[in-house]
Amino acid sequence: MSEPQAVTKQNPEEQDGSAPIDSAAEAKKLSNKELKELKKKEKAAKRSAKKTESGVTVEDQQTMAQAKRERKQQQREQQLKQRKEQQQKNSTKQTKKYIKKSTLFGHLETTEERRATLLSLTSAISASQVSRITAAGLMVPTITSEPVTPATIASSGGSASSENSAPTSELAKSLASMTLDSEEFSFVPGMTSITPHANEQLFASQQSVSSIRELLINKDLVHPSIILLTFQLANYKIVGSIPRCIAMLEAFQNVITDYQTPQGTTLSRNLTHYLSHQIDILKKGRPLSVTMGNAIRWLKQEISVIDPSMPDKKAKQILREKIAQFAREKIEFADRLIIEAGSQHVENGSTIVTYGSSKVLTDLLIHNAVELRKDFQVIVVDSRPLFEGRKMADQLRRHGVNVLYALITSLDAIFNMNVDYVFLGAHSILSNGFLYSRVGTAMLAMCAKRRNIPVLVCCESLKFSQRVQLDSVTLNELADPNDLATVRSDNCSLEHSQKDLLSQFIKERTEHKKLSNQENKPSGNSAPSRSSSSTPSSAPSSTNTTTDSNDKSILDGWRDIHSLNIVNILYDLTPPEYIKKIITEFGSLPPSSVPVILREYKSLA
Amino acid sequence: MSLPSSAHSSIVTINSSDINVTIEHFIARLKRHQIDGPYAMALETLQLLKRFISQARWSHVSELIEKIRQLANRLEKAQPTAFACGNVIRRILAVVRDEEEEELRSNSPQAASSSVAEPMISSMFNLLQKPEDNQQKQQQQQKQQKQRSTKTRTDFRQVAIQGIKDLIDEITNIDDGIQQIAIDLIHDHEILLTPTPESKTVLKFLLKTRERSNRRFTVLVTEGFPNNTAKAHEFAKKLAQHNIETIVIPDSAVFALMTRVGKVIIGTKAVFINGGSITSTSGVSAVCECAHEFKTPVFAVAGLYKFSPLYPFDVEKFVEFGGSQKVLPQMDPEHRLDTLNSITDYVPPENIDIYITNVGGFAPSFIYRIAWDNYKQVDVQLEM
Amino acid sequence: MSDFSITDTYLRFLEEDPDITMPIAAIEALVTLLRVKNPKTAAEMINTIKSAAKDLTDSIPNSISLRAGCDIFMRFVLRNTHIYGDWESCKQHLIENGQLFVSRSKMSRTKIAQIGCQFIADDDVILVHGFSRAVFSLFKYAAEKYIRFRVVVTESRPTTQGMQLYSLLQEIGIPVIMIVDSAVGSVIDKVNKVFVGAEGVAESGGIINLVGTYSVGVLARNARKPFYVVTECHKFVRMFPLSPVDLSLPEEALDFSKPAEKPLSGPTLDYTAQEYITALITDLGVLTPSAVSEELIKMWYD
């Protein structure tokens with residue numbers, strides 16, 4: 001079976017070798033022997049480079065080297081084969097090995113990366129509660145129930161010594177090495193194969209591996225309500241910087257209730273440390289919002305000033321009350337003040353444009369329509385893929401507000417309609433007066449400014465940030481690009497991403513099944529190398545057919561087109577010159593006064 | 001003068017009910033937006049006109065002109081935003097009128113001396129022009145009336161049909177002309193943004209640029225949600241398959257990314273004489289405004305047949321709106337929302353830096369001249 | 001015959017017919033000159049016109065508009081004599097048809113009104129600065145077409161042109177409000193478009209008009225309101241001011257050295273550059289500012 005392959009392999013190898021010779025020959029003619037040696041060196045360099053790239057630590061490189069020495073006899077042919085496979089992959093499939101990263105936003109964490117981290121984490125966490133750790137890895141219940149699993153594990157576990165090229169096995173290897181390193185880690189090979197591309201990329205950087213390792217070490221410290229919240233955040237079940245902040249504060253109240261100060265330390269010292277583990281996990285779900293950051297900073301400050309001699313019970317009681325008070329003061333009361341101040345701009349017969357969805361704006365407009373009985377029109381501008389404005393438009397409509405719903409592409413027509421005010425919500429306002437808000441806000445503000453329509457921002461001072469930033473590219477949050485791959489006009493981000501994962505998981509499972517079937521049949525060395533070559537080649541076809549026929553869209557399988565990318569950012573920056581007024585609980589101020597409030601706020605907190 | 005000709009035409013229409021059916025059918029399709037894009041529209045109009053002219057009968061060329069004008073007026077009334085129809089018919093009218101003038105000049109050597117000089121003189125001299133002009137005109141008209149009885153020497157049918165053939169030729173070869181000019185507008189590793197993914201001219205232009213100049217560039221494609229998203233995806237896919245670095249972005253991300261964009265390319269549906277244009281995707285206006293704000297150059301690609309001799313007095317009349325289905329697929333029946341779904345967009349001239357056409361590149365302020373080179377002022381208003 | 005004064009004739013024409021514009025009056029004066037002097041050769045005719053035109057522009061303080069008339073006349077004579085050589089018939093034509101030109105110029109205003117009418121829509125609020133016959137005839141025409149619009153008139157200091165327009169518009173029943181010139185900034189957001197006339201249209205497409213037009217133009221642009229110039233094409237003049245400073249007469253310059261005789265001083269005209277102008281509504285059609293340059297180029301180079 002392997003013989004015809006070997007024969008065919010000879011040719012490309014030679015051809016390939018001849019290409020560098022041609023170029024080299026011009027300068028100097030090299031003897032065959034020299035050439036061979038050169039090639040060997042090249043190969044060795046490549047291998048080692050690959051190893052370090054894939055995040056294999058020094059120790060297991062050594063162990064692998066040992067394993068290699070044992071297999072040295074069958075080296076020649078095997079290496080040729082592998083080399084050819086490598087080349088194949090380099091030329092055609094290399095791209096699939098890496099997560100698509102846009103050139104513009106390469107510095108930002110993609111949702112896939114986040115999801116991969118989260119998955120590996122949760123698999124570890126949930127696994128530790130159910131099954132026991134083995135040296136090679138372990139199984140979550142769902143996988144143990146599958147008859148194939150033992151084989152899978154065997155193959156991936158065994159592959160650590162035999163295969164270099166197959167991406168899945170490489171992964172498994174690195175995972176296995178981690179489990180070997182420290183008994184506390186637990187990884188599920190089947191699980192990690194769900195997002196092999198993502199995980200691979202993830203493990204390519206030593207940094208992320210170590211960060212995961214750290215998280216895993218501390219996994220027992222994580223409070224269940226934090227894990228729940230992390231998932232809700234990651235799946236955009238809780239959105240909006242204020243709701244996210246409130247949810248976090250509530251979770252922290254639970255955490256504090258359940259917290260027990262360990263022996264030999266004090267609450268004021270240890271709780272902060274404990275909380276930072278929770279926050280680390282939270283961060284993995286979605287980057288923290290500015291409100292959350294500010295709240296956390298305040299909370300840590302509060303903890304640190306607690307008298308160490310105070311009994312735990314009382315201290316926890318005080319903290320919980322303080323958190324509740326903080327939420328009330330900074331959000332509830334602040335909103336009330338903002339609504340009061342903002343109401344003066346909602347006039348009878350006026351037309352108001354808003355963008356996306358903002359809690360305080362919805363309250364403001366409803367307050368004016370219901371309690372103050374003003375008659376005005378609201379134009380809710382919305383955008384793909386989140387369609388948050390629909391929620392706001394519905395809420396307003398239910399309270400009898402005259403609402404016009406439009407998309408951001410109709411901006412020109414909207415501003416031809418005698419608009420009086422533009423009201424915007426905020427994710428955050430930066431120290432240099434820039435408004436950091438849902439992507440699209442800046443364009444709306446710009447259009448309004450150019451038509452001399454005043455732009456008002458309603459924003460709690462909790463959203464003020466010390467940060468400065470000049471453009472929207474440098475720091476932003478990436479959402480799932482798959483949300484944009486469909487043409488549907490309903491909000492499908494949730495089901496879509498989950499469906500995507502699920503279908504990919506199913507694909508991976510069937511592949512594993514196939515793989516193990518193959519392994520069961522033939523014995524010998526050719527099997528793993530063949531299966532390894534089949535894995536990457538079948539991967540594209542699997543992604544091609546992931547989403548099934550019910551919404552087949554043009555961009556399905558966009559990942560396979562090398563030069564195609566989808567960028568789905570969540571925020572943009574609105575320059576202060578577009579903003580007339582910021583309405584906060586401290587009153588109305590120009591964007592230039594944000595740092596003033598920040599100083600004040602700091603002294604208050 | 002129009003009375004007898006219109007009476008005459010009604011006779012003709014009875015005779016050629018066949019062509020009338022075709023026209024009716026065409027108008028019905030126009031009204032239902034069943035003709036995709038100005039390119040197809042222009043070509044189909046020309047084909048229709050060709051049949052119309054070959055079947056029409058007239059005793060004098062002014063009758064022919066009148067008939068063509070009526071046809072154009074009918075089409076324009078049926079679909080005021082189908083600019084391409086009016087444009088191509090007006091251009092054929094201009095061809096016929098030129099020929100008519102030519103013939104008049106050759107017929108009367110006396111008139112020739114004055115009319116040779118006439119085009120040279122600025123219209124500002126109208127004020128001081130000799131009053132004989134009027135008399136001359138009357139004389140000419142008298143002559144024309146005389147000529148009506150006599151057979152005209154020029155075969156205007158031939159002229160018009162040749163004009164149509166030339167125009168069809170021009171329209172089908174437009175992309176080449178544009179590419180040759182525009183190729184040097186893109187430099188290596190530039191990031192381009194196009195908000196009009198439905199434009200085939202833009203697509204071909206980008207592909208050709210990549211092919212010919214071998215410059216690597218990145219194209220950001222906005223989605224044009226909700227009406228053109230599928231086309232945008234198709235567009236992006238095609239570009240990517242031709243090895244052009246392509247990034248699909250939502251319409252809302254334009255401002256965020258504009259700092260990185262080197263040039264904005266737009267396709268157009270119609271270009272007016274003030275240099276403004278209508279695009280077939282909504283949101284382009286805001287994108288161009290954004291580009292203007294960031295001082296990013298915007299260039300529009302347009303075939304000559306998209307130039308319209310109209311002035312956009314009332315922009316709102318030219319911008320089309322669509323139904324709510326695509327904006328808001330599900331609606332609570334008890335709390336219905338008003339929706340707004342603009343299909344096309346008007347880009348004012350100040351937000352466009354240059355037009356690349358098959359006859360050269362022009363600043364928006366010079367578009368009026370290109371238009372007047374191809375149209376006759378008398379044909380701007382088709383209504384009688 | 002030496003007692004013929006071109007300036008007096010010019011002024012008399014202006015006085016006799018309130019509807020006549022300065023360039024037309026200048027052309028009429030030159031026609032009269034030709035009739036009186038009746039030059040015998042082409043060279044004599046040209047010289048006579050040249051010197052008369054110079055006298056006229058020198059003697060009238062606000063000469064931009066009449067210079068446009070002189071320019072066209074001069075150019076027309078030159079073309080006809082040089083290129084076609086039939087100066088005699090040209091002279092004859094000019095002398096005989098003086099009245100025709102006047103009526104034509106009035107005709108052109110009707111034409112402008114017909115073209116400009118499309119720019120006025122129902123429920124428009126239109127701001128006007130200064131008094132222009134072209135603008136007034138446009139409004140009148142639009143009102144006759146039953147377009148319902150309202151007009152905000154500036155007081156137009158230092159002239160009383162605003163008052164004049166105000167009462168004229170009231171007479172024909174167009175709703176009108178007069179504001180002080182300095183209030184333009186506070187009402188600009190409430191108007192839909194701005195219409196002004198022009199004393200002269202410079203080669204760049206910018207306009208020379210009553211002082212204050214520039215500030216109105218800047219405010220309109222800032223508020224993104226369309227700014228239309230309504231003018232006859234015989235007011236196109238071959239000059240290219242760079243800024244309002246280029247226009248001001250020596251006695252209007254800001255001079256701090258002399259003790260002020262009257263408290264109010266400063267220019268009475270200003271220049272509004274082409275970037276503030278949306279379009280020019282002329283009897284040649286709707287022109288972009290750059291089309292003005294083309295017309296002038298066509299007139300002077302062929």
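This is a predicted model: local features need pLDDT of at least 70, side-chain atom pairs count only at pLDDT 80 or more; totals for chains, interfaces and linings use all residues.
Residues are numbered from 1 along each chain as its sequence is written, and chains are lettered from A and ligands numbered from 1 in the order in which they are written.

The two strands, β3(A) and β8(B), pair in the parallel sense over three bridges, where pairing requires that DSSP finds at least two bridges between the strands. Helices (H or I, at least four residues) and strands (E, at least two) are DSSP runs, numbered from the N terminus. Within this pairing, Tyr405(A) stands opposite Thr339(B) in β8(B). Contact between two residues is defined by C-beta atoms, placed from the backbone, that lie within 7 Å, and the contact between these chains takes 49 residues from chain A and 54 residues from chain B. On the side of chain A that touches chain B, at least two residues each are supplied by α18 (388–398), β3 (402–407), α19 (411–415), α20 (441–450) and β8 (564–566) of chain A. The residues of that side comprise 27 nonpolar, 13 polar and nine charged, where Ala, Val, Leu, Ile, Met, Phe, Trp, Tyr, Cys and Pro count as nonpolar, Asp, Glu, Lys and Arg as charged, and the others, Gly among them, as polar.

The contact of chain C with chain B takes 26 residues from chain C and 19 residues from chain B. To the side of chain C that touches chain B, two or more residues are given by α4 (64–84), α6 (98–116), β10 (285–287) and α11 (289–300) of chain C, and α11(C) gives the most, with six residues.

Chain C itself is divided into domain 1 (6–108) and domain 2 (120–300), with bounds that come from an automatic or database domain assignment. The centres of the two domains of chain C, taken over C-alpha atoms, are separated by 26 Å, and 15 residues of domain 1 are in contact with 15 residues of domain 2. On the side of domain 1 of chain C that touches domain 2 of chain C, α4(C) provides the largest share, eight residues.

In chain B, helix α10 (residues 200–213) has 14 residues, which at 1.5 Å a residue should span 20 Å, and this agrees with the 19 Å between its end C-alpha atoms; the expected span is 1.5 Å times one less than the number of residues. Among the buried residues of α10(B) are Val202(B), Leu203(B) and Phe205(B), a residue being buried if 20 or more other C-beta atoms lie within 10 Å of its own, exposed if 12 or fewer, and partly exposed in between, with C-beta atoms placed from the backbone. The buried residues of α10(B) pack against elements of chain B including α9 (174–182) and β1 (190–194).

Most residues other than glycine have a negative phi, and most peptide bonds are trans. Just after α10(B), however, Asn214(B) takes a positive phi of about 55 degrees. Phi of Arg373(A) is also positive, near 55 degrees, and Arg373(A) is exposed, with 9 other C-beta atoms within 10 Å. A cis peptide bond joins Arg157(C) and Pro158(C), with omega about 0 degrees.
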